[in-house]
Amino acid sequence: MKHLYETVADTVIAHIEQGVYKPGEKLPGVRKLSQQLNVSISTALEAYRLLEDSGRIQARLRSGYYVSSFRRQAIVEPNISDAPVTPAKVTGQSLTRQILRAAKDPYQINLGSSVPHADFLPTHALQQATGKVARSFGKRCFDADELLGNQELRRQIAKRMVELQCADSPDDIVVTHGAREAVRLALMAICEPGDLIAIESPTFYGLLQVIESCGMEALEIPTHPRDGLSLDALQMAIEQWPIKACLLVSNYNNPLGSCMSDERKQALVALLERHQIPLVEDDVYGDLGFGLRRPSVCKAWSRNGQVLYCNSFAKTLSPGLRVGWLVPGRYMAQVENLKYMKHQAVPTLNQLIVAQMLEQGGYDRYLRHVRQDYARNVALTVKAVSLLFPEGTRVTQPEGGFALWVELPTGVDAMALHRRASQENIIIAPGPLFSATQKKYSNFIRLSCAVPWNDRVEKALKTLGDIAGDLLTQNRQ
């Protein structure tokens, strides 16, 4: 059942779509909206906040709320991937590391990184939180904390898990050095070297690196740009191959930006539980949706504790703090043992800073603004690609996160585009990086929208489009 403020938000959206309020036009004030729809002022204000989160409206200081002046360009999205479902060793990740090193060059226009630019981070709020923590906790900031994580931080995370319909206590949570350590601990707790892991295709190269470091093999499952991993393909793969675990990003995955519906998440969990296959769920982009409500998580549908939930604040608060967490479910004993044997505690100061941001509401205030920023950048980049890239280009239009998956016309080699672009000081992530063997997605690239939109970025996109057009012409000659 919808909340009243969600119904009010839907009414305002209907008015916008019907043309009652046009892009850039001012909306009724909060008091006037409450009178028009016969609701309380707090309900009207919450409805506007939801619409602001989704990028549909913009708040202007001391002026009110306005309809967002940007609209997504109508463009064809890529089809579901046609990855052959056969096991493969993860190879070629050295190329990934080369590209990541190049992306650190401040003179480069970095459209290839999955790390948000500093302008998108709540730097001032983090500075304030750091000062308050230092004053409140003194020397304790520099003491070693519990190996499984600071108790207050785990309590704050547990509150957020409850909001996701997951009844986890602080003792069910392990604080980690970001999401990658969480995923690594999860895989090591449930699998052995040489085991077969079912993954989305394409998938984030960071997850491929974790699989490689664990000595495991990947089984790529076709994935749809909007609906996520193909359940039919996964079912057939389970019947054919000895899959030991499934690893996926259920919400706004990288690079596709797909988000599985509640029904598909529930069906996925049921399928895996029937076959006694654990699911490692990476939800690092779940808080960055453009819609009116935060998407659910697969873990909420689990009945036997076989979903190991991983998350991190690296894509939101700060990649430098390196604070993530793992909820290992029935595998807590294995994870705890691994943590004690092979891993170190996260620095106490970092944990206390994050706990402070969560407790005082700074994290949620920041999310309300940054979601709108990403929604705007995604829309602007989609529009630029549709106008500046060769005819026949396809691009995803995600409802959250900040990654775009671009399918170039057949004949445009992504690696050649990467090499030519790097000569122009432009960094992109070529498609082959997002497959286990780097032999797929030769005419795809991933673009990051987590960079401040300016003339340099727009010019860089035009340059990419020109290079792609030149490569296409050369191929056809």
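In this predicted model, Arg49 lies in helix α3, which spans residues 41-53. Because its relative accessible area is 31%, Arg49 counts as partly exposed. Its C-alpha atom is separated by 32 Å from that of Leu387, a residue 338 positions away along the chain.

**The sheet**

Four strands form an open sheet with antiparallel pairing, in the order β13-β14-β17-β16. The edges are formed by β13 and β16, each of which pairs on one side only. Strands β13 and β14 run antiparallel and are joined by 2 bridges; Val395 has Val406 in β14 as its bridge partner. Helix α13 packs on this sheet, where it touches β13, β14 and β17, and its direction makes about 15° with that of β14.

The residue ranges of these elements are as follows.

| Element | Residues |
|---|---|
| Strand β13 | 394-395 |
| Strand β14 | 403-407 |
| Strand β16 | 429-430 |
| Strand β17 | 444-448 |
| Helix α13 | 362-388 |

**The nonpolar cores**

The largest nonpolar core comprises 114 residues, and the members that touch the most others are Leu111, Leu187, Ile197, Leu247, Ile445, Leu447 and Leu464. The greatest contribution to this core comes from α13, with 10 residues. Another core, of 22 residues, lies apart from it and includes Ile238, Leu248, Met260 and Leu271.

Which residues does Leu247 contact, leaving aside its neighbours within four places in sequence? They are Val183, Leu187, Ile197, Ala198, Ile199, Glu200, Leu207, Ile211 and Val280.

Conventions
Residues numbered from 1 in each chain as written. Predicted model: local features only at pLDDT ≥ 70, side-chain atom pairs only at ≥ 80, totals over all residues. Heavy atoms only, no water. Pairing = 2+ DSSP bridges. Contact = heavy atoms within 4.5 Å. Axes fitted to C-alpha atoms, helices over the stretch in contact; angles between N-to-C directions. Buried < 20%, exposed > 50% of the residue type's maximum accessible area, 1.4 Å probe, protein only. Core = buried A, V, L, I, M, F, W, Y, C linked by side-chain atoms within 4.5 Å.
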